[in-house]
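Below are some notes for a colleague who is opening this structure for the first time. Please read them with the model on screen.

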Amino acid sequence: MVAVKKKKKHQFPTAYTVIIIVLLLVQLLTFVIPAGNYATLAYDTTDKDFVITKPNGEKDKAPATQATLKKYKVNIAVKKFKDGTIYKPVAIPNSYERINLKKSNLWQAIVQFFTSQVQGIGQSVDIIAFVLILGGCIGVVHANGAINSGMQALSERIKGKQVLLIVLVMGLISLGGTTFGLAEETMAMYPILIPVFLIAGYDTMTVLGTIFLGTSIGTMVSTINPFSTIIASNTAGVNFARALPLRITMWVICTVVGMLYVIFYAEKVRKDPTKSVVYDQYEQNREKYLSGADIEKTGKFTWKQKLTLIIFAVAFIVMIWGVQQKGWYFTEISVVFLAAGYLMAIFSGLTEHKVVQAFVDGASDLLGVALTIGLARAVSIVMDTSHTSDTIMHFFSQQVSGMSPLIFVWFLFIVYIILGFFIQSSSGLAVLSMPIMAPLANVIGIDRASVIDAYNWGLGFISLVAPTGLILMSLMMVNIDFNKWFKWCWKLLVIEFVLCLVFLGIGLLIY
């Protein structure tokens, strides 16, 4: 018998590898891209005036007035500098100049390649600390069963109201996605909710739509998500809170549209199971997920679990208040969540060993995110050291100089869809791209918040189908093929795409 040689399957590179490839390309480009700088303008909070830094590094001072901004063609209201909305140096349009800088030799470039990665992690330590502490808190919430019991209690309360099941579960998951990036954590919900949905007369595609669309839409339209909106806003030099009204409106509309899409399909399946996209798996799924299942028997939603969730929610409220009212950064909000972690340890009902293990496991789940932030920062370090970032920005500004603001934000949205296919890490992509993309808004004459929206919505949109994201893991949880998923959701993709374009246009009118 001749053994059949199996073809080796080619796997798509991970986010780490993609970022390393980008870093290598950037390192190679430093040999051919000339060094250059834009003049920059920054507000000095001590002297209450503008500091103008010329391309050669020389500094001048100018009055902090709208006339000064007009003189330098910086299309931003002076109050945005004074109230802290813009707190990073802004590139002055048409001020780019080449500078004399000795190019690195091959050995120096190799050393810089490795050194920049260590420096990137070091320079991102405050963000990394926050990510790990937040992951630890999420681990404790999961460990004491607060999320699972909450979901089970929810199922009990809405018996006979199947549509409400979809609305509440999808709404809560979407809320988690838009506030703290609830994504991979939803994997634990599939085993709980699949039997509940099947008993209600729905199918596994309804479960996938409710959970995966909930988290995808939530993270796409991030409002206070620290892994995307907050990191991107800080990197772009803007206060994320000022753009909240539009983003909240966008989140509500997209979530409602997603709910209606799922409900329309789910009710059709409940009335006629043959309408199911996965009807060929009908008997198999019921045998697999309902055999021996006792949906009536659910765990109690204890006061300790409720208190754990309340503490976790209050930490986010305090974070929003601190960032918006007190100008807190990652050190301060890390302290808030660390304190919340201690409180949850006391009131969660878990033993000391279980609390520590849960916290460590939760932090380790987000270690990949933390490392991605550091690695992505390395790209900026290489570009800053070689003074090539402004040269690239100058090139892009020439390409888009003839674009209208609307065409520009739409173009940028498409760019982020492409980038998001390769780099699904929201935090990594934010740190990687914002130093280049955000200043282009000043060249075009629009608010940087629109660039952040293009980034958020472009990355979130492609996550609905990108195999580099969460979709393949989610499909495995419900045993559905990718082609069936795409067949089911393509119409929603078109609707969400149009909504993104419309709201990007609205953003130009109100920012």
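Is phenylalanine 497 buried, partly exposed or exposed? Phenylalanine 497 is partly exposed, because its relative accessible area is 25%. The model is a predicted one, and the points below should be read with that in mind.

1. The ring partner of phenylalanine 497 is phenylalanine 413. Their ring centres lie 5.4 Å apart and their planes meet at 50 degrees, so this pair is tilted. The pair links distant parts of the chain, with phenylalanine 413 in helix α18 (residues 405-422) and phenylalanine 497 in helix α22 (residues 482-510), 84 residues apart. Phenylalanine 413 has 0% relative accessibility and therefore counts as buried, whereas phenylalanine 497, at 25%, is partly exposed.

2. Across the whole structure, the search finds 15 aromatic pairs. One of them joins phenylalanine 130 and phenylalanine 337: the ring centres are 5.7 Å apart and the planes are at 65 degrees, so the pair is edge-to-face. This pair also links distant parts of the chain, since phenylalanine 130 belongs to helix α5 (residues 125-143) and phenylalanine 337 to helix α14 (residues 330-347), 207 residues apart. Both phenylalanine 130 and phenylalanine 337 are buried.

3. Aromatic residues also come together as a group. One aromatic cluster is formed by Phe212, Tyr261, Tyr265, Trp485 and Trp488.

4. How many disulfides does a search of the whole structure find? The search finds 0. Take cysteine 254: the closest cysteine sulfur to its own is that of cysteine 500, and the distance of 5.8 Å is too far for a bond, because a disulfide needs the two sulfur atoms within 2.5 Å. Cysteine 254 counts as buried, at 0% relative accessibility. Cysteine 489 is buried as well, with a relative accessible area of 2%.

5. Strand β2 (residues 40-44) and strand β3 (residues 49-53) run antiparallel and are joined by 5 bridges.

How values were computed
Residues are numbered from 1 along each chain as its sequence is written. This is a predicted model: local features need pLDDT of at least 70, side-chain atom pairs count only at pLDDT 80 or more; totals for chains, interfaces and linings use all residues. Side-chain values use heavy atoms; hydrogens and water are left out. Buried means under 20% relative accessible area, exposed over 50%, partly exposed in between (1.4 Å probe, protein chains only). Rings of Phe, Tyr and Trp (its six-membered ring) pair if their centres lie within 6.5 Å; planes under 30 degrees apart count as stacked, over 60 as edge-to-face and the rest as tilted. Helices (H or I, at least four residues) and strands (E, at least two) are DSSP runs, numbered from the N terminus. Two strands pair if DSSP finds at least two bridges between them.
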